[in-house]
Amino acid sequence: METVAAIGLMSGTSLDGVDVALIETDGERVAAFGPHATYPYAPDDRALLVRAIEEAAPLTDRTARPGALAQAEAMLTARHGEAVACFVAAHPAAAQARVVGFHGQTVLHRPEIALTVQIGDGAGLARALRAAGLGPGATLVYDLRAADVAAGGQGAPLVPVYHAALAKGLDLPLPVLFLNLGGVANVTYVDGGADPVAFDTGPANALIDDFMKERTGRPVDAEGACAAAGRIDEAALARLLAHPFFAQQPPKSLDRNDFKAFVAEHAGLASKSIEDGAATLTALSAATVAAALPLLPQRPRAVVAAGGGAHNPTLLAMLAGRLGVPVTPAEAVGLSSDAMEAQAFAFLAVRALKGLPLSFPTTTGVPTPMTGGVSIPLQ
Ligand SMILES: Nc1ncnc2c1ncn2[C@@H]1O[C@H](COP(=O)(O)OP(=O)(O)OP(=O)(O)O)[C@@H](O)[C@H]1O
Ligand SMILES: CC(=O)N[C@H]1[C@@H]2OC[C@@H](O2)[C@@H](O)[C@@H]1O[C@H](C)C(=O)O
């Protein structure tokens, strides 16, 4: 396949909205970056997703949609359709996209029992895309994690192959480490030769967001202002860092809520001020990224930070202090913190249509490089 315009759609673990991005790519490199936008969820939609995630916890079948899950899937699919319609209205060139990559929403991720569950109705979105002016003949690709998990991989992270493609265009010393600071944090180590090495490192924003919501009603510690005004509880931090996940060798990946109960038990947040709680949780995110460095083949010479956490100066300062490697926000090297994951799913969808690998033994632990995705031609 030659270079095509491709749209990526991502709804991440922060549950903040639908990210949409347009790129031109042949699935090997990015020929051009197009526009991107985020369409935030209304509070009711976000609450429905939170309920769906809670109710997904006991699932053992990735196709089951009990309780709030069916309603959440219908809502999520509708919001993605609306997001694409708004995006195409604002950027008419997007209607020319030949490929759309649809991540859906992870509601449960339990790689230890070969289970990863993303909600999002491919057939329903395909109809909405046609109504938004895409196709006919364009192709929707979704359910991009399933094949990896079925083959014995973690199913995450999948963005590393996109990070590796981006690294080729950067003027940074190698090895370079891409750091995604979403709800969960993950890293991709690129040395320019071998397959990328990648894994989830621990929490990024999910624990901070949940704490802020509970204590202030606001969903985010905007600009890290609370954390900047607080004191890190070093004793609690040491207890949290003793969790075996952080020293575990990759491959490894996380569910959004993997540390929820552990943090509730060991962080002593209830007796802390909002500032001290935010500071301690922000330090946990930074320290767990630092704990990942010894697990890499070599020490990286540069770190490119992306995801919403790249907008949090307190988190970035703590990272710089604990990593001992310069931390560069994606924007400083001409990339976009907010668009990177949606762009990646556009790139992954094009690779899927070409039968190219999405994941590698060094990223998800899949035994051999693995393609994936389910495609639906728009009619
Ligand atoms: N200005 C800001 N100040 C502080 N935090 C911010 C700011 N902007 C975004 N964030 C944080 O980033 C989060 C969103 O990050 P992002 O959109 O990368 O997550 P995601 O893609 O949903 O997650 P994941 O990568 O785990 O799937 C917000 O929930 C918030 O915690
Ligand atoms: C199962 C799942 O959805 N995991 C997400 C999550 O959010 C960040 C981190 O955990 C990463 O492993 C992954 O997302 C990105 C998009 C990825 O697959 O690379």
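**Close-up views of the predicted model**

**View 1. The shell around ligand 2.** By class, 6 nonpolar, 10 polar and 2 charged residues form the shell around ligand 2 (Ala, Val, Leu, Ile, Met, Phe, Trp, Tyr, Cys and Pro count as nonpolar, Asp, Glu, Lys and Arg as charged, and the others, Gly among them, as polar). This is a predicted model, in which local features need pLDDT of at least 70 and side-chain atom pairs count only at pLDDT 80 or more, while totals for chains, interfaces and linings use all residues. Residues are numbered from 1 along each chain as its sequence is written, and chains are lettered from A and ligands numbered from 1 in the order in which they are written.

**View 2. Residues and elements at ligand 2.** Ligand 2 is surrounded by 18 residues, the closest being T106, A156, P157, V159 and V184 (near means a C-beta atom, placed from the backbone, within 6 Å). Two or more residues of the shell come from each of β4 (99-110) and β8 (184-190) (strands are DSSP runs of E, at least two residues, and helices runs of H or I, at least four, numbered from the N terminus). Domain 1 (4-158 + 339-377) and domain 2 (170-333) each give at least three residues to this shell; the domain bounds come from an automatic or database domain assignment.

**View 3. Helix α12.** In α12, 14 of the 15 residues are buried, so the helix is largely enclosed by the rest of the structure (buried: 20 or more other C-beta atoms, placed from the backbone, within 10 Å of its own). After α12 comes G355, with a positive phi near 75°.

Definitions and conventions:
A residue is buried if 20 or more other C-beta atoms lie within 10 Å of its own, exposed if 12 or fewer, and partly exposed in between; C-beta atoms are placed from the backbone.
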